[in-house]
Amino acid sequence: MLTFLAHSTAMISLEDGINEYGLSIALTFLLSKKIKPGINGGFIVRKVLEECKTTDEAIELIKTIPISSSHNLVIADKNGKMAVIECTSEDINVRYSDDYVIATNHFISNNMIKYNNKEDNWYYTNDRYNTIDNYLKNNATIDFDKCKELISGKYGFICQFEKKLHFDTIWSAVYDLNTLYNEICEGNPNKSKYKFDNRLEWGLKQNNKQ
């Protein structure tokens, strides 16, 4: 089974990554209705990558962490196990799928919808979700290059934000969890190009085998 994780973000933070075991995690944020003492999403991402090898291990770890704010955590491993953990300081929900999982900047599980931002379709979060969902529903397979095209906005609205919003996608990443090959787009992927990220020593060694 080929497993990919693609992530597009619009804030500077520790929001996504892949480790040497083929486990990847990415964060999308919401405006929190309540904040409590605890760990924020960026530190959770780092902790998972440092301590876990599989999606199941990551989920069990996250369940033990006091969470301070609201976010989605998209997790996938090289065995094809995928999940989205919808988190707030008050509640948590895990949703699984054998086909694909998606998260933008809102919750979709029935017990988590009440924690969504008051503004409907906040920064086009529903449009972005629907673009990805519609593409994946109507295409039986997806490869590395198609992942890049999808989150670059080729198949619908993803990152084509108007300047007046003062909100933009500032980097995107695509990870092949089977080979550990990865590419990063530093800038809005609708305007900038992807390139291999050679900042991880083990990733560089893996890329040299391609």
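Which residues does S192 touch, not counting residues up to four places away in sequence? They are C185, E186 and G187, where contact means heavy atoms within 4.5 Å.

This is a predicted model: local features need pLDDT of at least 70, side-chain atom pairs count only at pLDDT 80 or more, and totals for chains, interfaces and linings use all residues. Residues are numbered from 1 along each chain as its sequence is written, and side-chain values use heavy atoms, with hydrogens and water left out.

**View 1. The loop around S192.**
S192 sits in the loop between β8 (182-186) and β9 (195-196). Helices (H or I, at least four residues) and strands (E, at least two) are DSSP runs, numbered from the N terminus. With a relative accessibility of 28%, S192 counts as partly exposed. The scale is this: buried is under 20% relative accessible area, exposed is over 50%, and partly exposed is in between (1.4 Å probe, protein chains only). I170 is 22 residues away from S192 in sequence. The C-alpha atoms of this pair are 9.8 Å apart in space.

**View 2. The whole protein.**
The protein has 5 helices and 9 strands. Along the sequence they run β-β-β-α-α-β-β-β-α-α-β-β-β-α. Of its 210 residues, 52% are buried. Take the contacts between residues at least 6 apart in sequence: 54% of them join residues at least 24 apart. The protein exposes about 10900 Å², and carbon and sulfur atoms supply 49% of that area. Accessible areas come from the Shrake-Rupley method with a 1.4 Å probe; for residues, only the protein chains shown count as cover.

**View 3. The largest nonpolar core.**
A nonpolar core is a set of buried Ala, Val, Leu, Ile, Met, Phe, Trp, Tyr and Cys residues joined through side-chain atoms within 4.5 Å. At least two core residues come from each of β3 (24-29), α1 (41-51), α2 (55-62), β4 (71-76) and β5 (82-87). In soluble globular proteins, nonpolar side chains tend to be buried together. Look at I44: leaving out residues up to four places away in sequence, I44 touches I39, I62, I65, I67, H71 and L73.

**View 4. Where α1 meets α2.**
The two helix axes come within 10 Å and cross at roughly 135 degrees. That makes α1 oblique to α2. Axes are lines fitted to C-alpha atoms, for helices over the stretch in contact, and angles run from 0 to 180 degrees between N-to-C directions. Angles under 35 degrees count as roughly parallel, over 145 as roughly antiparallel, 65 to 115 as roughly perpendicular, and the rest as oblique. From α1, I44, K47, V48 and E51 take part. They meet E57, A58, L61 and I62 of α2.

**View 5. I102 and H106 in the loop between β6 and α3.**
I102 is buried, at 4% relative accessible area. Beyond four places in sequence, I102 is in contact with V84, R95, Y129, I132, D133 and L136. L73 is 29 residues from I102 in sequence, with 9.9 Å between their C-alpha atoms. H106 is also buried, at 11% relative accessibility. Leaving aside residues up to four places away, H106 touches L30, N72, N116, T125, N126 and Y129. E86 lies 20 residues from H106 along the chain, and their C-alpha atoms are separated by 8.9 Å.

**View 6. Positive phi at N121 and Y124.**
N121 is found in the loop between β6 (92-97) and α3 (125-137). Y124 lies in the loop between β6 and α3 too. Phi is near 55 degrees at N121 and near 60 degrees at Y124. Most residues other than glycine have a negative phi, and most peptide bonds are trans. N121 is partly exposed, with a relative accessible area of 22%. Y124 is partly exposed as well, at 30%.

**View 7. S70 in the loop between α2 and β4.**
S70 counts as buried, at 5% relative accessibility. Aside from neighbours within four places in sequence, S70 is in contact with F29, L30, S32, K33, C87, T88 and F107. N105 is 35 residues from S70 in sequence. Their C-alpha atoms are 9.7 Å apart in space.
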